[in-house]
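Reader: Please take me through the structure shown below, and set each term you use against its definition.

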Amino acid sequence: MYRRYFLAALAAAALVPAMPATAQETVKVGLIIPLTGPFTTTGKQLEAAAKLYMQQHGTTVAGKKIELIVRDDAGRPENTARIASELVNNDKVAFLAGFGLTPLAMATAPIATNSKVPMVVMMAGTSIITERSPYIVRTSFTLGQSAIVIADWAAQNKIKNVVTLVTDYAPGHDAEKSFVERFEKAGGKVTEKLRVPLANPDFAPFLQRVRDAKPDALYVFTPSGVGAILMKQFVERGLDKSGIRLIGPGDITDDDVLNGFGDAAIGVVTAHNYSTAHPSAKNKEYVAAYKKANPSMRPNFASVGGYDGMHVIYEALKGTKGSTDGDALMKVIKTLKWESPRGPIWIDPETRDIVQTIYIRKVEKKDGELYNIEFASFPGIKDPVKEAMKKK
Ligand code: PHB
């Protein structure tokens, strides 16, 4: 009986063509990003950074050849989910990566769960995303991380009344809630909470209300790419000269577009995880290499999410010795800790979310360019929304 099975197995094995000695197995990484539409700048930053990482670290990891497949979802969740399915089912990718906006990550989470393919969220910042699948890891940030830091700074710097203005979707709601709770706990008062639509935002009527309300500060969250319109309208309405301070998470003073705002942006204080001007040796090297590869661009906070996301993929494969088993990869991912161009970061093994330093920065002009100059830092900041849930 056994002998017969044994002989059959031998015969079957003989039919499998032997791999030529030089053939290398390929591990495919599907990078789904907005390369058209209103969030193109985010996609371009993620792509440039992911490619820079590969250029610097080679394309062979644990004996496997890494192939990056870049697909444009135009920032539309229905596209993201369809592309993710195709990448998993047809291309057999070992990783899904990218996700320029929260709804794009949310739409893809069930695909990661069903296929057990690790999903690296390189940009989207709503707290709940990582809870949507055990195969999700985040290398970007959560809005709460920056919101609590700028709330404390505001309360300690004679800002007593604040109007909040956020884009009306999940990360905006997180940015609003975390700020309001923290600022009011510190004794401040939020007098009005305004929300603007995500699509085609017109900030003008909202800014008029802010002008009339005359708070000490206007706290703003808009996703990267939209902040430019807000800053333009803030200046056009003369709010920059009205004594109302503009504060918020650093999405509004995005390094990618900051130079285009002109001197009206000087003095704006924000809290964020990354500045092109971060003074570490690692970042100086990163900025120089990034600019060399992309002469018309300046790396922004999206870029470090892409760069560190590739680091997670490379290190996970090294840890599994090249195995693409989703559970084995996630086990390694939960142990990762490294120095990013933004500073020291790690993956919280309990939540698979990023832990990082949040910096307070002020826009200043240096060598004829505008930069977010860091002047205080708060290391080891976890997502405050998840931290609060743990205490309940
Ligand atoms: C998001 O949709 O989660 C998002 C996008 C851009 C940002 C921040 C958050 O700048």
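**An aromatic pair in a helix**

Author: F179 and F183 both belong to helix α6 (residues 170-185), where 4 residues, about one turn of the helix, separate them. Helices here are DSSP runs of H or I with at least four residues, strands are runs of E with at least two, and both are numbered from the N terminus. The model is predicted, so local features need pLDDT of at least 70 and side-chain atom pairs count only at pLDDT 80 or more, while totals for chains, interfaces and linings use all residues. Residues are numbered from 1 along each chain as its sequence is written, and side-chain values use heavy atoms, with hydrogens and water left out.

Reader: What makes F179 and F183 an aromatic pair, and how are their planes described?

Author: Rings of Phe, Tyr and Trp (its six-membered ring) pair if their centres lie within 6.5 Å; planes under 30 degrees apart are stacked, over 60 edge-to-face, and the rest tilted. F179 and F183 stand at 5.2 Å centre to centre with 20 degrees between the planes, and therefore form a stacked pair. The search of the whole structure finds 8 aromatic pairs. Ring pairs also link Y53, Y274, Y286, Y290, Y307 and Y314 into a cluster.

Reader: Which residues touch the most other members of the largest nonpolar core?

Author: They are L96, L165, F179 and L218, in a core of 120 residues. Helix α10 (residues 301-319) supplies the largest share of this core, 10 residues. A nonpolar core is a set of buried Ala, Val, Leu, Ile, Met, Phe, Trp, Tyr and Cys residues joined through side-chain atoms within 4.5 Å. In soluble globular proteins, nonpolar side chains tend to be buried together. Contact means heavy atoms within 4.5 Å, and the contacts of L165 beyond four places in sequence include L194, F203, L218 and L230.

Reader: What makes strand β9 mostly covered?

Author: In β9 (residues 217-221), 5 of its 5 residues are buried. In a regular strand the side chains alternate between the two faces of the sheet. In β9, A217, Y219 and F221 lie on one side and L218 and V220 on the other, and both faces are covered.

Reader: How do you know which strands pair with β9?

Author: Two strands pair if DSSP finds at least two bridges between them. Strand β7 (residues 161-167) runs parallel to β9 and is joined to it by 5 bridges, with L218 as the bridge partner of V163. Strand β10 (residues 245-249) is parallel to β9 over 3 bridges, with I247 as the partner of Y219. Both bridge counts therefore meet the requirement.

**Charges, edges and loops**

Reader: What lies over the face of W346?

Author: K337 does, at 4.7 Å from the ring centre. A charge sits over a ring if NZ of Lys or CZ of Arg is within 6 Å of the ring centre and within 35 degrees of the ring normal. K337 in strand β12 (residues 337-340) also has W346 as its bridge partner in β13. R298 lies over the face of Y371, at 4.5 Å from the ring centre.

Reader: Why do β2 and β6 stand at the edges?

Author: An open sheet of mixed pairing holds 6 strands in the order β2-β3-β1-β4-β5-β6. β2 (60-61) and β6 (136-138) each have a single partner strand, so one side of each lacks a neighbour in the sheet.

Reader: What sets the phi of F99 apart?

Author: Most residues other than glycine have a negative phi. F99 has a positive value near 75 degrees; its place is the loop between β4 and α4 (102-115), and at 0% relative accessibility F99 is buried. K321 also has a positive phi, of about 55 degrees. K321 is in the loop between α10 and α11 (326-333), and its 72% relative accessibility makes it exposed.

Definitions and conventions
Buried < 20%, exposed > 50% of the residue type's maximum accessible area, 1.4 Å probe, protein only.
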